[in-house]
Amino acid sequence: MKHAFRISILMFGLVGTYVTAAVPQVPAPDGGPILVCPPQQQLEGRCTGANLPPMMK
């Protein structure tokens, strides 16, 4: 019974590692640009400083 319990804990750890690695990463402020306007507005140049959050001005 102890061995089955230990094996199940190790298996959950291994499966959890693979599941965590499979989740896509979220962009961070220091990892690249964070888009605050729709792409169409960016192409048209309608995104001004008023649309940006305070930390990006």
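Mentor: Buried means under 20% relative accessible area, exposed over 50%, and partly exposed in between, with a 1.4 Å probe and protein chains only. Helices are DSSP runs of H or I with at least four residues, strands are runs of E with at least two, and both are numbered from the N terminus. The model is predicted: local features need pLDDT of at least 70, side-chain atom pairs count only at pLDDT 80 or more, and totals for chains, interfaces and linings use all residues. Residues are numbered from 1 along each chain as its sequence is written, and side-chain values use heavy atoms, without hydrogens or water.

The protein has two helices and zero strands, and the part to examine is helix α1, residues 2–22. Across the protein, buried residues make up 2% of the 57 residues. Y18 has its place in α1 and counts as exposed because its relative accessibility is 64%.

Key. Expected span 1.5 Å × (residues − 1).
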